[in-house]
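Thanks for making time this morning. I would like to walk through one model with you, beginning with a pair of neighbouring positions and then moving on to the core.

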Amino acid sequence: MDAKVEAELIGLAHEWDRAMVANDAEAIGRYMADDWTIVGSDGSMSDKATFLGLVKSGTLSHDVMESKDLKVCVYGDTAVVTSRGVSGGKYQGQAFREVEQSSNVFVRQEGQWRCVLTHLSRIAQR
């Protein structure tokens, strides 16, 4: 695999984490394709506009978003980035903190990597 592309995608994942903690909806949206979908750890699904609307309104905020153990697999203009991480903040005024396995599918669009799908799986705490 191209080490440069792998490093670029890992860098993007960490930049996206920082945008999430900054609760900057515009910055967060730059990492998402227009048709981005998220499957939450509870199986719920949402789209880009809904997710960013929650951030803009303050209904959803993050104070931690850390991705570790990133693995990148590139297939031409598509890449799968998996990681283990911690996500925490507030949703509808209630604090949350999740340890999750994350799978993100990125597609190169007009020379830029954009995420088209995020899938989260809760990791049980022992």
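Is E66 buried, partly exposed or exposed? Before I answer, please keep in mind that this is a predicted model, in which local features need pLDDT of at least 70 and side-chain atom pairs count only at pLDDT 80 or more, while totals for chains, interfaces and linings use all residues. Residues are numbered from 1 along each chain as its sequence is written, and side-chain values use heavy atoms, with hydrogens and water left out.

E66 has a relative accessible area of 38%, so it counts as partly exposed, where buried means under 20%, exposed over 50% and partly exposed in between, with a 1.4 Å probe and protein chains only. E66 sits in strand β3, strands being DSSP runs of E of at least two residues and helices runs of H or I of at least four, numbered from the N terminus. Setting aside neighbours within four places in sequence, E66 is in contact (heavy atoms within 4.5 Å) with D17, R84, G85 and V86.

S67, also in β3, which spans residues 60-75, is buried because its relative accessibility is 15%. With the same exclusion of sequence neighbours within four places, the contacts of S67 are H14, D17, S83, R84 and G85.

Turning to the core, the largest nonpolar one, meaning buried Ala, Val, Leu, Ile, Met, Phe, Trp, Tyr and Cys residues joined through side-chain atoms within 4.5 Å, has 27 residues. Its largest share, 7 residues, comes from α1.
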